[in-house]
Amino acid sequence: MRIILVTGLGGAGRTTVAAATALAEARAGRRVLLVSEDAEGVEDTGGSAGHGDLRVLRPEPAADFRREFLALQARSGTALDLLGAAPFEDAELTELPGSRPFALLRALREAAGGDHELAVVDLPPLPEALALLALPEQLRRYLHRLLPPERQAARALRPMLAQLAGVPMPAQWLYGTTARWEAELAAVQAVVEDPATTVRLVLEPGPAATRALRTARLGLALHRLSLDAVVANRLLPAGSEDPWLAGLAAEQHRHLAELRAGAGDALHELPHLGRAPRGADDLALLAPARTGAAPAPVPEWTVEDRRDEDGVLVWHVTLPGAAKEELSLVRRGDELLLAAGPFRRNLPLPGALRRCTVTGAGLVDGDLRVRFTPDPGLWPRTS
């Protein structure tokens, strides 16, 4: 199953493009799910004539938060009773800041488990979307550090350990909750990292568009996500006799030329309708090109064994558009902390590099080459 994640600059029309994409694919005969809180002009059709099989899933952050909070409260009932705490009721719970991303991640996992052929997911604006897509991996890393899975093997010895340590050991419900969160986050991370999951970037040509494209390409490459299309939205008609409109269109088309140079064949251009889109007929005018049979492959990150006199191994990490001055590397155990512009990621080192020392790095045409020197005691040379 194919998943298209739609994001872009705030106000560029990403929700409209997501809805138009889903509707066009449904009318072409595919079973499509649209995940969006705000999409207008589309509704569940279930195969209605002229609209195809389009279904809409609207995440509900408030209801999702209440359901998860009450479930956690129920699992912690014994501890709360001992503390004399009064449990909350559904009606008195108010959604807390930060619950929206988790509701969207659960909707993404649900979308991946349906019987449709394509899911189109309306994501938040670009900076929030990139942080959202990185969240499952980050949270799993935090869980592994705070409650390593191997410690759960000692839960049968908890009473004895508590006496020896003099402090209470984590309760069984904590291990159970951690395991459930780990499974849920792993499922969402698998969806994000699936080769059939791609990102569609929506921009309105202007001063910020080219910079946003470069930022998006760098962030997506760091998290190994494929950019399947760049949509230049709300293009004004060229050649107007009105000097004011002609000036706006000329400026917009100058920025459009910059986007063409940066996006190449991935660029799709959509017209400005002269009004806010109303209904399915207007959305049909704003559908980008069809998605195609398969997304473009994500470049491989490879390890090259040079076997020169120093026995150097080189790890090639593809980061298109990166500049040398915005990259930094820190080795921490079996991970490499890589910062690229505003983004950072802890990269688990391939097995061949875990017993090596970082001896340098270079950047050539978006290919980051990190040099590692093996420990001679672990990597004996053959004569």
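Predicted model: local features only at pLDDT ≥ 70, side-chain atom pairs only at ≥ 80, totals over all residues.
**A walk from a hairpin to a kinked helix**

Leu 327 stands opposite Ala 340 in β11.

Leu 327 belongs to strand β10, which covers residues 327-332 and pairs with β11 in the antiparallel sense over six bridges. The two strands form a hairpin with two residues between them, and Gly 333 in that turn has a positive phi of about 60°.

Now follow the chain into β11, residues 335-340, and on to its other partner. Six bridges join β11 to β12, residues 343-348, and these strands also run antiparallel. Here Glu 335 stands opposite Pro 348. Once again there is a hairpin with two residues between the strands, this time with Gly 341 in the turn at a positive phi of about 60°.

Are the residues of β11 buried or exposed? Six of its six residues are buried. Glu 335, Leu 337 and Ala 339 point one way, while Leu 336, Leu 338 and Ala 340 point the other way.

Next, look for helix α5, residues 126-146. Its 21 residues reach 30 Å from first C-alpha to last, close to the 30 Å expected at 1.5 Å a residue. Where does α5 have a kink? A kink of about 45° lies at Leu 135, shortly before Pro 136. Both Leu 135 and Pro 136 are among the buried residues of α5, which also include Glu 137 and Arg 140.

Finally, step back to see the whole chain. Its secondary structure comes to 10 helices and 14 strands, and 42% of its 383 residues count as buried.

Methods. Residues numbered from 1 in each chain as written. Heavy atoms only, no water. Helix = DSSP H or I, 4+ residues; strand = E, 2+ residues; numbered from the N terminus. Buried < 20%, exposed > 50% of the residue type's maximum accessible area, 1.4 Å probe, protein only. Expected span 1.5 Å × (residues − 1). Bend = angle between axes of the 7 residues up to and from the residue. Pairing = 2+ DSSP bridges.
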